[in-house]
Amino acid sequence: MKNGQSRRDVPKRHVLSQGGYEVYAVDAFAVRNISKVDEEFTHFATYRDFEGLIPEGEVWVSESLLATEGLYFVANAIAQLRRAEAGVPDETAYEAGLNVERILRRRLDGARYRGGRPHKRVPQAVYVEDYLTLPDSKFAIEVWRIDGGVVRSLYKTDYTEGGHGYVYPWVPKGQIWVEAALHRAELPFILAHEYLELRLMRDDGMDYDPAHETCVKVEFDLRRGKGIHRLLTRGRERPTKPDLPRLTAPEVFEHVLKHYRK
């Protein structure tokens, strides 16, 4: 957690008690801002995921998605917890949670899960807003705010925050997707991660896992006013939408290669 900050700094409200667990809605942006570099709060998490932050017996769900997808996330979390506490391996418990979530999505929404298989044309229901276009030197990259719930129902149940076509075959190569449910003030951090990850994979030949790990560190530092912060903001407190085209400046990628690439 960030120095001087703790679970007391995370706004949360009690939602329900279920199966011996307490479910709270939280500000996911606030959680990510105090998390450690190796902790990634997505749309929900449990005390097993964030020891020292989430109290034992609690499930935290993103407030912004509670009304639309909270049921799925809570069911997933409790399925994981019950299996983990029964002694099954964490990976097996994780898959069990995903399976429960997929079943609920299909039964309640009629969603036909495609297991990552792309459509010939991306369904219009995915797109929410054309956010901006990045002037990349090889080809312009459209950044879209998208409905993450549709993506989770169709392509990848644990999809979160953002993605691009060099990781996911169902995202066009010339696009980056960021969740519409994210707080707008958080979009610059997520977009910096996704764009620089794309560049590491496309231009430096990195595989996804090391590229992702690298950009987690870039994003972590950016949230704390370090690293590429000065190259984007020219000294202001935090990056905003008008700063984002500077992500494509050569010095930004060079900084990442020099200071973050192993």
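User: Two strands pair if DSSP finds at least two bridges between them; which residue in S8 is the bridge partner of glutamate 142?

Analyst: The partner of glutamate 142 in S8 is glutamine 175. This is a predicted model, in which local features need pLDDT of at least 70, side-chain atom pairs count only at pLDDT 80 or more, and totals for chains, interfaces and linings use all residues. Residues are numbered from 1 along each chain as its sequence is written, and side-chain values use heavy atoms, without hydrogens and water.

User: In what sense do S6 and S8 pair?

Analyst: Strand S8 covers residues 175-179 and is parallel to S6, with five bridges between the two. Strands (E, at least two residues) and helices (H or I, at least four) are DSSP runs, numbered from the N terminus.

User: Is S6 mostly covered or mostly open?

Analyst: Strand S6, residues 141-146, is mostly covered, with five of its six residues buried. Buried means under 20% relative accessible area, exposed over 50%, and partly exposed in between, with a 1.4 Å probe and protein chains only.

User: What is the strand order of the sheet that holds S5 and S6?

Analyst: The order is S5-S6-S8-S7, in an open sheet of four strands with mixed pairing. S5 and S7 are the edge strands, each with a single partner strand, so one side of each has no neighbour in the sheet. Direction ignored, neighbouring strands of this sheet are turned by 20° against each other on average; axes are lines fitted to C-alpha atoms, for helices over the stretch in contact, and angles run from 0 to 180 degrees between N-to-C directions.

User: How is S7 attached to S8?

Analyst: Strand S7 pairs with S8 in the antiparallel sense through three bridges. Histidine 164 has isoleucine 176 of S8 as its bridge partner.

User: Changing topic: what is the order of the sheet with S1 in it?

Analyst: That open sheet runs S1-S2-S4-S3, four strands with mixed pairing. Its edges are S1 (12-18) and S3 (44-46); each has a single partner strand, so one side of each is left without a neighbour in the sheet. From one strand to the next, the twist averages 25°.

User: Which strands run parallel there, and how many bridges join them?

Analyst: S2 (residues 21-26) and S4 (residues 58-62) run parallel and are joined by five bridges. Valine 26 has serine 62 of S4 as its partner, and alanine 25 has valine 61. S3 and S4 run antiparallel, joined by three bridges, and alanine 45 stands opposite tryptophan 60 in S4.

User: Which way do the residues of S4 point?

Analyst: Glu58, Trp60 and Ser62 point one way from S4, whereas Val59 and Val61 point the other way. Five of the five residues of S4 are buried, and the strand is mostly covered.

User: Now the voids. What volume does the largest pocket have?

Analyst: The volume of the largest pocket is about 1,100 Å³. Its lining has 45 residues, and the closest to its centre are Glu40, Thr42, Tyr94, Asp158 and Thr160. On a 1 Å grid over the protein atoms alone, a pocket is an open set of points with protein on both sides within 12 Å along at least five of seven lines, a cavity is a set where a 1.4 Å probe fits but cannot get out, and lining residues have an atom within 4 Å of a point. Grid points are joined across faces, edges and corners, and a volume is the space filled by probe spheres set on the points.

User: Which elements supply at least two residues of the lining of the largest pocket?

Analyst: They are S3, H2, H3 (90-109), S7 (162-164), H5 (187-203) and H6 (208-223). By type, the lining of the largest pocket holds 17 nonpolar, 12 polar and 16 charged residues. Ala, Val, Leu, Ile, Met, Phe, Trp, Tyr, Cys and Pro count as nonpolar, Asp, Glu, Lys and Arg as charged, and the others, Gly among them, as polar.

User: How many cavities of 30 Å³ or more are there?

Analyst: The count is one. The largest cavity has a volume of about 160 Å³. It is lined by 13 residues, of which Arg32, Glu39, Glu40, Glu219 and Arg223 are the closest to its centre.

User: Which element gives the most to the lining of the largest cavity?

Analyst: Helix H6 gives the most, with four residues. The lining of the largest cavity comprises four nonpolar, one polar and eight charged residues.

Terms used:
Two strands pair if DSSP finds at least two bridges between them.
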